[in-house]
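Welcome, and please take a moment with the model below before reading on. The report that follows walks through a few of its local features.

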Amino acid sequence: MLDQARQWLRAARSMAVLTGAGISAESGVPTFRGPGGLWRQYRPEDLATPEAFRRNPRLVWEWYDWRRQRIAQARPHAGHEALVRLERAKPRFALITQNVDGLHERAGSQRVIKLHGDIWTVRCLACGRERRDERVPLPEIPPRCECGGLLRPGVVWFGESLPPGAWEQAEDAVRNCELLLVIGTSAVVYPAAGLIPLAQACGARVIEVNPEETPFSARLDCSLRGPAGQILPALIPLEPNVQTG
Ligand code: BJW
Ligand code: ZN
C-alpha cells in the first residue's frame, strides 16, 4: 500500500492536497468530531454558525479563545514538514486546507488555499474592517472594534460562503491534478468534501491518510490508515529522493 502510494506520488507532476483538522491533532489541536473533539458539551454545528454567534457571542468567543490558546502552544510536526517538501518538489502543487490554525504556513508551506478562513483574523460586524489579532488570551470577551462594534472570528461558519476566490482556486487545482492527497478530514463538510469526487471525475487518483474510515474510503485508490505525523514522512522521503517529474 505505502509503496504503491509512494510511487504514484513520485510520478505525479501536478498534485493537490486537501487537509482537515486531523493533520493538526498530533500538534495538540483538537479535531471537531470524534473522541476529544467536543468543547464542553457542544458540537461544532452548535457553535460554528451565525445563529449561535447572534444568540451568544460570548459563548462562541470563549470557544475560539480556548482554541486560539491551544493553537498558539502548538508546533507543526513532521507531517506538515513533509508537505513543504512535496510543494518544493512539484511543478504544479496546491495545498487546500479546511483548517484555520495556520500550522501549514508556520511549517513553511507557501501557497495555501484556505477554505474556512483564519482564526487569527477578526472582522467588525459594524464597520466591516478585517485585521489580524493574535492576542492570547483575548483581554475582553467578546472583543470589540475601535468603532465600538462587535468583532467576529474571520472564519467560515455553516451556511456562509467561502472566502472570495478560495473555492475557485481549489476547484481549479483539483480539476487539473493527477493526484489528490486527502489528509485528516472526516469529509462530511461541504463543499470541501466535494473536491474528492470532483478529482475522481476529472481522472485523478486519490490517496487518503486517516486512522479512521471516511464516507469516501471505499471508492479511493488507496487508504493509508494511520496518523499523518507518521504516514506523511514515510510517504514523502527527504530530498533528494523526490523526483520533480
Ligand atoms: C487524523 C488524525 C491524525 C484524527 N492524522 N488524521 C451539501 C450536502 C450537505 C450539506 C451541505 C452541502 N453543501 C453545503 C452544505 C451545508 C454545510 C455542510 O457541509 N453541512 C454538513 C455538516 C452536512 N456547509 C456549509 O454551510 C458551507 N458553506 C456553504 O456551503 O456555502 C454555500 C451556502 C451558503 C448559504 C446557504 C447554504 C450554502 C460552510 C462550511 C463551513 C464549515 N466550518 C467549520 C468551522 C470553521 C471555523 C472554525 O474552525 O471554527 O469548518 S465546521 C468544521 O468542520 C471546520 C472544519 O474545517 C470542518 C471539517 O472538519 P474536518 O477538518 O474534517 O475535521 P473533523 O474533526 O470532522 O475530522 C477529523 C478527521 O481527522 C477524522 O476523520 C479523524 O479520523 C482524522 N484524524 N487524528 C490524520 N493524527
Ligand atoms: Zn468596527
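In which loop is proline 142 found? Proline 142 sits in the loop between E5 and E6. Helices (H or I, at least four residues) and strands (E, at least two) are DSSP runs, numbered from the N terminus. Isoleucine 141 and proline 142 are joined by a cis peptide bond, with omega about -5°.

Proline 137 also belongs to the loop between strand E5 (130-132) and strand E6 (151-155). Here the bond from valine 136 to proline 137 is cis, and omega is near -15°. As background, most peptide bonds are trans.

## How to read the values

This is a predicted model, in which local features need pLDDT of at least 70 and side-chain atom pairs count only at pLDDT 80 or more, while totals for chains, interfaces and linings use all residues. Residues are numbered from 1 along each chain as its sequence is written, chains are lettered from A and ligands numbered from 1 in the order in which they are written, and side-chain values use heavy atoms, with hydrogens and water left out.

Cysteine 124, found in strand E4 (residues 117-124), is buried because its relative accessible area is 3%; buried means under 20%, exposed over 50%, and partly exposed in between (1.4 Å probe, protein chains only). Cysteine 145 is also buried, at 9%, whereas cysteine 147, at 46%, counts as partly exposed. Leaving aside neighbours within four places in sequence, cysteine 124 is in contact (heavy atoms within 4.5 Å) with Arg129, Cys145, Cys147, Gly149, Leu150 and Leu151.

Most residues other than glycine have a negative phi. Arginine 40, in the loop between helix H2 (22-25) and helix H3 (44-47), has a positive phi of about 50°. Arginine 40 is exposed, because its relative accessibility is 52%.

Alanine 187 has a positive phi too, of about 55°, and lies in the loop between strand E7 (179-183) and H9. Is alanine 187 buried or exposed? With 5% relative accessibility, alanine 187 counts as buried.

## Helix H9 and leucine 198

Leucine 198 is part of helix H9 (residues 195-201) and is buried, since its relative accessible area is 16%. Beyond its neighbours within four places in sequence, leucine 198 is in contact with Glu171, Val174 and Arg175. Leucine 198 and valine 174 are 24 residues apart in sequence, with 7.2 Å from C-alpha to C-alpha.
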